[in-house]
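My entries follow in the order in which I looked things up.

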Amino acid sequence: MSESEQDYTRHLVDLRRHMWMAGIEVELRRLIWQIAVMGKYISAKIQESNRKLAGFKNVYGEEQLALDRIADEILKNKLQQSGFVKEYASEERESVVNVGQGKEQYIVTADPLDGSSLVDTNLAIGTIIGIHKSSVFDCGRNSMVAALYMTYGPLITMIYAAGKGAHEFVLDREGEYVLSEENIKLKDKGSIFSPGGLRKDWPDAHLQFIEKLEHDGYKLRYSGGFVPDINQVIIKRGGLFTYPALKKSPQGKLRLLFELQPMAFIMEQAGGRATDGRKDILDVKVTQVNQCSPVYIGSASEVTLAGNFLSA
Ligand code: AHG
Ligand code: MN
Ligand code: MN
């Protein structure tokens with residue numbers, strides 16, 4: 001190794017070191033690291049897959065890719081061996097399952113594969129994880145201690161938040177998660193928006209809000225994958241993602257426990273906001289595993305503006 005290469009590696013901060021320096025509690029940082037490693041296994045399965053549909057439906061009646069189930073099994077099996085997790089809740093399962101002896105500290109929630117309908121298109125997809133210290137049947141603000149997500153795109157990246165800011169890591173060629181963006185902070189206002197649902201199904205107040213963003217020159221960025229769409233808002237330091245209440249489904253589409261709470265946790269740690277249009281997502285109480293909620297998430301100014309339109 002040349003002198004300049006040594007210099008370079010000396011300055012790399014890996015995930016474990018970062019969490020240790022940030023003062024995150026030992027079991028939590030071990031768990032986050034274990035889950036980040038699980039992302040490597042999931043991504044390997046994505047690479048191996050031939051993009052075929054498994055041909056059965058999940059609890060939401062959606063056609064499921066075999067990859068969803070594989071990712072879910074990887075997470076469940078590895079969490080079972082982790083030693084820190086007592087319960088596991090997944091979008092792919094109808095109820096919370098025991099994976100420990102009962103004395104472990106943590107409960108893990110997962111959307112094992114987010115954006116599964118994009119697998120065949122070769123767009124980015126991801127895994128979303130929430131870590132709770134008490135029952136998930138509470139509001140996130142009371143129960144959550146950390147959240148993370150992996151994005152499987154041209155690069156594999158991971159953003160975690162455990163109460164000490166939001167930080168991004170990139171998986172390098174040696175298979176190590178290396179710090180790429182520390183203490184990500186969104187600007188008060190961005191310039192991109194990702195609106196889910198069909199315009200004809202939007203309630204009037206939501207339509208007016210979106211028309212205001214369009215009028216103000218916001219650029220459309222919607223891939224159909226929550227992870228890459230949120231990641232874009234975070235990495236570009238602002239903007240808005242919304243999946244609103246729809247005329248025929250007032251709770252919208254996205255799942256509180258598996259998608260919205262973890263992203264809201266990370267977004268708040270990055271200085272942004274996440275609401276259901278009125279209330280902070282982290283203040284909404286979860287009463288059912290598959291509970292959905294409308295969402296407005298991103299930089300503070302846009303989320304607040306959405307609230308103004310919805311309450312007018
Ligand atoms: P999943 O692949 O985990 O079922 O999630 C799909 C979600 C989310 O990723 C995305 O934001 C949303 O569905 C897209 O919905 P539309 O196809 O209605 O735009
Ligand atoms: Mn999803
Ligand atoms: Mn999913």
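**Entry 1: a cut-off, then a helix.** I call a residue buried when its relative accessible area is under 20%. I call it exposed over 50%, and partly exposed in between. I also noted that I am reading a predicted model. With the cut-off in hand I went to helix α8, which is mostly covered. I found 13 of its 14 residues buried. Helix α8 takes in residues 256-269. Just after α8 comes G271, with a positive phi of about 85°.

**Entry 2: the whole chain.** I stepped back to see the overall picture. The secondary structure comes to 9 helices and 15 strands. The chain has 312 residues, and 51% of them count as buried. I then checked the radius of gyration. A compact globule with 312 residues would have a value near 20 Å, and the chain has 19 Å, which agrees. Along the principal axes the C-alpha trace spans about 60 × 45 × 40 Å.

I looked at contacts next. Taking those with a separation of 6 or more, I found that 61% join residues 24 or more positions apart. For the surface, I noted that the chain exposes about 14300 Å². Carbon and sulfur atoms supply 48% of that area.

**Entry 3: the manganese ion (ligand 2).** Which residues coordinate the manganese ion (ligand 2)? I found D111 (OD), D114 (OD) and E259 (OE), at 1.9 to 2.1 Å. Along the chain these donors follow the spacing D-x2-D-x144-E. I wanted to know where the ends of that pattern sit. D111 lies in strand β5 (residues 106-114) and E259 in helix α8, so the pair ties together parts that are 148 residues apart in sequence. This is the α8 of my opening entry, the helix with 13 of its 14 residues buried. I checked the cover of both residues. D111 is buried, with a relative accessible area of 0%. E259 is buried as well, at 2%.

**Entry 4: the manganese ion (ligand 3).** I moved to the other manganese ion, ligand 3. Its protein donors are E91 (OE), D111 (OD) and L113 (O). They lie 2.2 to 2.4 Å from the ion. Their spacing in sequence reads E-x19-D-x1-L. L113 is buried, and so is D111.

Entry 5: I picked S43 in helix α3 (residues 26-48). Is S43 buried or exposed? It is buried, with a relative accessible area of 8%. Leaving out residues up to four places away in sequence, S43 touches Y152 and I156.

V145 came next, in strand β7 (residues 144-152). V145 is partly exposed, at 22% relative accessible area. With the sequence neighbours up to four places away left out, I still found a list of contacts for V145. Among them are L28, Y106, I131, H132, K133 and F265. A161, A162 and G163 are also touched by V145. I followed A162 further. V145 and A162 are 17 residues apart in sequence, and their C-alpha atoms are 5.9 Å apart in space.

Entry 6: D172 sits in the loop between β9 (166-171) and β10 (177-181). At 24% relative accessibility, D172 counts as partly exposed. From D172 to T157 I count 15 residues in sequence and 9.4 Å in space, C-alpha to C-alpha.

I then turned to backbone angles. Most residues other than glycine have a negative phi. N122 has a positive phi, near 65°. Its place is in the loop between β5 and β6 (125-132). N122 is exposed, with a relative accessible area of 69%. N183 has a positive phi too, near 50°. N183 lies in the loop between β10 and β11 (192-195). At 42% relative accessibility, N183 counts as partly exposed.

How values were computed:
Residues numbered from 1 in each chain as written. Chains lettered and ligands numbered in written order. Predicted model: local features only at pLDDT ≥ 70, side-chain atom pairs only at ≥ 80, totals over all residues. Heavy atoms only, no water. Donors = N, O, S within 2.8 Å, 3.2 Å for Na, K, Ca; no water. Buried < 20%, exposed > 50% of the residue type's maximum accessible area, 1.4 Å probe, protein only. Helix = DSSP H or I, 4+ residues; strand = E, 2+ residues; numbered from the N terminus. Contact = heavy atoms within 4.5 Å. Rg over C-alpha atoms; globule rule 2.2 N^0.38 Å. Areas by Shrake-Rupley, 256 points an atom, 1.4 Å probe, with all protein chains shown as cover.
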